[in-house]
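The points below should be read with the sequence and the model in view.

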Amino acid sequence: MKKIKTIDAVGHVLCHDITQIIKDVKDGPVFKKGHVVREEDIEVLLSVGKDHLYIYEADESMLHENDAADILYNVCKNDYMKPTEVKEGKIEVIATEGGLLKVDIDRLQQINEIGEIIIATRHNNTVIKANDKLAGTRIIPLMIHKDKLEQVKAIHNEQPLLEIKPFHHFKVGVITTGNEVYYGRIKDTFTPVIKNKLAKYNLEINHHIIVNDDIEKIQAAISECRDLGMELIICTGGMSVDPDDLTPGAIKASGAEILTYGAPVLPGAMFLLGYFEDKTPIVGLPGCVMYAKATSFDLMFPRILAKDTITKKEIAALGHGGLCLKCPVCTFPHCEFGKGS
Ligand SMILES: Nc1nc2c(c(=O)[nH]1)N[C@H]1C(S)=C(S)[C@@H](COP(=O)(O)OP(=O)(O)OC[C@H]3O[C@@H](n4cnc5c(N)ncnc54)[C@H](O)[C@@H]3O)O[C@H]1N2
Ligand code: MOO
């Protein structure tokens, strides 16, 4: 802390709030601690009787919180993002487009371990809309050592911490399996559920086939969808262990590589995800997707639509937080379901 003449204070940082009292008009701080004095402030400072000020001593090794916050914003930002105005060392990152938010959790952790610097984000793999808040950055002290920001820049290494992956427009083929539906014994109540889930992403069913429990027929239906250029194939029914549950076998026989048959998520354990050589995804949806509010499919669906690479390890990690509590009033996605990984 150093005392200087107010007339020499331009560019210096105030150590404390400066109060202005104008009878019957104002009684409060006219400048806050941490304010960087500007040319136009000198007259105001003199008018409140401050001929001298305490300022932080100019130190080449230190950075003001607002300048440091700028650096943190630049570490986060990517396409489809904008900053809020910097305020008291804080900047927020706002989405300008919707999509799937990806957060580099490992590097976020490394930055937050430096100390005196914080970046707080939404969860990785959150579905976001334009104008949603994605992250906030803040510096804890008023002035921070520049070398801490150098560490941040080294971790950043020109690779943003955040990414928004826009959702793609897929042509969708739906294959409904099951003798009970095919022979008209019951009404198909699964397909409308799929239709609603697709509509949330402005997608529709472009081709729909209903087949009985016959592995060759299911396989032929998959080929038909492929031949018609469907870019996402959704199969329902026959995903479990009964003798008539043939869908996983048919998907396998169709040539798709199975990434997973089974996910550590309840409901939605019997979920299947595979990809054809040309990267066309195919999913097998268990019966619970028809009636449960949220299942493994709801966790994986946005990632499939964003063409996000999904690994077996990530599917295994869904187990932590993968237990839906079936609350009387479902608040998914604003709950802990699927947030563990
Ligand atoms: N012994 C075991 N049984 C079950 C297991 C298990 O691990 N061991 N898993 C259970 C779980 S978890 C689920 S989820 C279901 C999965 O069922 P499936 O996907 O095989 O579905 P289906 O058996 O074909 O049908 C179940 C039920 O849903 C009705 N259904 C199916 N599709 C339609 C449709 N399009 N419209 C209307 N209703 C439909 C079907 O008639 C059955 O009533 O398996 C558990 N069992
Ligand atoms: O797929 Mo069942 O998957 O857990 O209700």
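1. A residue is taken to be near a molecule or strand if its C-beta atom, placed from the backbone, lies within 6 Å of it. By that rule, ligand 2 is surrounded by L266, P267, G268, A269, M270, P286 and C288. Six residues of this shell are nonpolar, one is polar and none is charged. Here Ala, Val, Leu, Ile, Met, Phe, Trp, Tyr, Cys and Pro count as nonpolar, Asp, Glu, Lys and Arg as charged, and the others, Gly among them, as polar.

2. The model is predicted: local features need pLDDT of at least 70, side-chain atom pairs count only at pLDDT 80 or more, and totals for chains, interfaces and linings use all residues. Residues are numbered from 1 along each chain as its sequence is written, while chains are lettered from A and ligands numbered from 1 in the order in which they are written.

3. Ligand 1 has 21 residues around it, the closest being F190, M239, S240, P286 and G287. Its shell comprises nine nonpolar, eight polar and four charged residues. P286 is also listed in the shell of ligand 2.

4. Helices (H or I, at least four residues) and strands (E, at least two) are DSSP runs, numbered from the N terminus. Two strands pair if DSSP finds at least two bridges between them.

5. Strand β8 (residues 99–103) is joined to the antiparallel β13 by four bridges. Within β13, L162 is the bridge partner of V103, and I164 is that of L101.

6. How do helix α2 (residues 65–76) and helix α4 (residues 146–156) cross? Their axes come within 10 Å and cross at roughly 10°. Axes are lines fitted to C-alpha atoms, for helices over the stretch in contact, and angles run from 0 to 180 degrees between N-to-C directions. The helices α2 and α4 are therefore roughly parallel to each other, a term for angles under 35 degrees; those over 145 count as roughly antiparallel, 65 to 115 as roughly perpendicular and the rest as oblique.

7. The contact between these helices involves A68, I71, L72 and V75 of α2 together with L149, V152 and H156 of α4. Two residues are in contact if their C-beta atoms, placed from the backbone, lie within 7 Å.
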